[in-house]
Amino acid sequence: MPEPGHAGLLLLFQRAQAQFTDRVDAVEPGEWEAPALPGWSVADLVAHLTGEQLWVPPLLAGERVDDVAPRIPTGTGQLLGSDPLTAWESAADTALAAWADPAVLHRTVGLSSGPTPAAAYLTEMTADLTVHAWDLARAVGGDTRLDPELVAAATRYAEERLGPDGIPGLVGPPLPAPPGADAQTRLLARFGRRG
């Protein structure tokens, strides 16, 4: 299957952002401190994704991680303030605008893991948003069904980029998927989650 071009990758990213936005919008006031992942509350998870979006414009502009880091807030409270949904949406809009220029896909981005083609960075961000949308929904008892096209895109990412042990410190090792598991369950198992 050929790799999608800029328009296709951008559309998938936009859909992943929208799916995550729906999950953030569904969080009730008393659910922000609920556990989402080991060591992370719901608020921490949303802050993590908000911060990731804020990194996009300077990295696509060619700035180095060390130069950008002092300008990106790191604490959950700093990233989300008193209105987590608005903070998330603002950061997401900024990232989407930066990705909208087709020329950016021909760049190499200096990530903490090393020089990375921008297209691979965009694909990684889309997969991350997809899996974390499930994490967020599961944490608050929300809708855990994921967009099938995003599941397929995240599965392609996992097959191409995740090693047998995941990515140490970022993605846990895969779990065995039950026999006859559907695509979403297999994807979640590949990211170390039980669907």
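Modeller: Phe20, Leu60, Trp99, Tyr121 and Phe191 touch the most other members of the largest nonpolar core, which has 59 residues. Such a core is a set of buried Ala, Val, Leu, Ile, Met, Phe, Trp, Tyr and Cys residues joined through side-chain atoms within 4.5 Å. This is a predicted model, in which local features need pLDDT of at least 70, side-chain atom pairs count only at pLDDT 80 or more, and totals for chains, interfaces and linings use all residues. Residues are numbered from 1 along each chain as its sequence is written, and side-chain values use heavy atoms, with hydrogens and water left out.

Colleague: Which helix gives the most to this core?

Modeller: Helices here are DSSP runs (H or I, at least four residues), numbered from the N terminus. With 11 residues, the one that gives the most to the core is H6.

Colleague: Is Gln184 buried or exposed?

Modeller: Gln184 lies in helix H8. Buried means under 20% relative accessible area, and exposed means over 50%, with partly exposed in between (1.4 Å probe, protein chains only). Because the relative accessible area of Gln184 is 17%, this residue is buried.

Colleague: Which backbone oxygen does the side chain of Gln184 reach?

Modeller: Contact means heavy atoms within 4.5 Å. Leaving aside neighbours within four places in sequence, the contacts of Gln184 include Trp134, Arg145 and Val151. At 2.9 Å, its side chain reaches the backbone oxygen of Thr144.

Colleague: Which residue takes a positive phi just after H8?

Modeller: Helix H8 covers residues 183-190. Just after H8, a positive phi of about 75° is taken by Gly192.

Note on methods
Helix = DSSP H or I, 4+ residues; strand = E, 2+ residues; numbered from the N terminus. Polar contact = N/O pair within 3.5 Å; in protein donor to acceptor, adjacent residues only side chain to side chain.
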